[in-house]
Amino acid sequence: MTGQVLTVEVYSDVVCPWCYVGKRRLEEALESAGRQKSALVFWRPFQLNPTMPKVGMDRRVYLEAKFGGAAEMQAMQDRIAGAGTSAGIEFAFERIARTPNTFDAHRLIWFAQQQSRQDRAVEELFHGYFTEGLNIGDDGVLVSLAGRAGLDGAAVGRFLQSTDGVEAVRQEEARGRQLGIRGVPYFVFNGKTAVSGAQPVETFLSAIEQTTR
């Protein structure tokens with residue numbers, strides 16, 4: 001199985017908790033398959049809230065409207081927290097004040113790919129948002145997280161003030177929608193085998209085997 005190249009394209013949004021869980025389950029599957037060092041994983045943009053204002057909005061207001069009330073929102077968060085615990089993620093939803101616009105975060109992920117730091121950048125964005133409650137719609141926060149991912153903070157600051165990556169991210173997102181993706185996370189193995197959702201590790205292992213047999 002280890003002889004064939006394995007690429008994984010992951011369509012996700014950094015404010016999607018199931019995408020964080022899916023990242024961990026994919027990582028576990030790659031390790032089990034002996035692919036954790038050889039697989040090429042690419043993170044692709046998929047904004048869940050593309051019309052979100054640049055400044056974002058109050059997270060509680062947003063989620064209560066989305067899920068139909070405080071009780072429904074809490075039940076959802078409890079379910080995700082349980083999945084997070086089993087995946088080694090400490091979700092701290094109470095620390096998150098705002099739901100941000102994530103377009104610039106996706107631009108940062110695109111930039112990080114050019115510097116071979118994409119997975120680390122994605123990890124810092126997920127951890128910063130879901131465990132630390134940071135506002136990842138803020139340029140200063142993005143620069144700080146980029147630095148933690150091994151990127152040059154000053155270069156990232158200049159990048160975010162430019163229009164670099166804007167068209168590329170839009171094109172990547174459009175490609176995902178052309179593939180029929182309506183929700184994330186969504187994983188594409190070698191351009192042919194797809195897994196939708198944060199499925200159990202065994203499902204990812206099956207996809208890896210099917211793709212590389």
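**Notes on the predicted model**

1. In helix 4, the buried residues are Phe103, Asp104, Ala105, His106, Arg107, Leu108, Ile109, Phe111 and Ala112. Buried here means under 20% relative accessible area, exposed means over 50%, and partly exposed lies in between (1.4 Å probe, protein chains only). Helices (H or I, at least four residues) and strands (E, at least two) are DSSP runs, numbered from the N terminus. Helix 4 is thus mostly covered, with nine of its 12 residues buried.

2. The model is predicted: local features need pLDDT of at least 70 and side-chain atom pairs count only at pLDDT 80 or more, while totals for chains, interfaces and linings use all residues. Residues are numbered from 1 along each chain as its sequence is written, and side-chain values use heavy atoms, with hydrogens and water left out.

3. What covers the buried residues of helix 4? The cover includes strand 1 (7–12), strand 2 (40–45), helix 5, helix 6, helix 7 (153–161) and helix 8 (166–178); contact means heavy atoms within 4.5 Å. Helix 4 spans residues 103–114, and its end C-alpha atoms are 17 Å apart, which agrees with the 16 Å that its 12 residues should span at 1.5 Å a residue. The expected span is 1.5 Å times one less than the number of residues in the helix.

4. Ser116 follows helix 4 and lies in the loop between helix 4 and helix 5. Its phi is positive, about 60°, although Ser116 is not a glycine. Most residues other than glycine have a negative phi, and most peptide bonds are trans. Ser116 counts as exposed because its relative accessibility is 63%.

5. Phi of Asn190 is near 50°, a positive value in a residue other than glycine. Asn190 is placed in the loop between strand 5 and strand 6 (193–196). With a relative accessible area of 22%, Asn190 is partly exposed.

6. The loop between helix 8 and strand 5 holds Pro185 and also Gly183. The peptide bond from Val184 to Pro185 is cis, with omega near 10°. Gly183 counts as partly exposed because its relative accessibility is 30%.

7. Helix 1 (residues 17–32) has 16 residues and reaches 23 Å from its first C-alpha to its last, close to the 22 Å expected at 1.5 Å a residue. Its buried residues include Pro17, Cys19, Tyr20, Val21 and Gly22. Among the elements that cover the buried residues of helix 1 are strand 1, strand 2, helix 3 (70–86) and helix 9 (201–212). Gly34, which follows helix 1, has a positive phi near 70°.

8. Strand 1 is largely enclosed by the rest of the structure, because five of its six residues are buried. Strand 1 pairs with strand 2 in the parallel sense over six bridges; two strands pair if DSSP finds at least two bridges between them. Tyr11 has Arg44 in strand 2 as its bridge partner.

9. Ser12 belongs to strand 1. Is Ser12 buried or exposed? Ser12 counts as buried, at 5% relative accessibility. Not counting residues up to four places away in sequence, Ser12 touches Cys19, Trp43, Arg44, Pro45, Phe46, His106, Phe126 and Val184.

10. Thr131 lies in the loop between helix 5 (118–130) and helix 6 (139–148). Thr131 is buried, with a relative accessible area of 8%. A polar atom of its side chain lies 2.9 Å from the backbone oxygen of Glu90. Beyond residues up to four places away in sequence, Thr131 touches Glu90, Ala92, Arg95 and Phe126.

11. The protein contains nine helices and six strands. Its radius of gyration is 17 Å, close to the 17 Å that the globule rule gives for 213 residues, so the protein is as compact as a globular protein of that length. The radius is taken over C-alpha atoms, and the rule is 2.2 Å times the number of residues to the power 0.38. Buried residues make up 50% of the 213 residues. Of the contacts with a separation of 6 or more, 76% are between residues 24 or more positions apart.

Note on methods
Polar contact = N/O pair within 3.5 Å; in protein donor to acceptor, adjacent residues only side chain to side chain.
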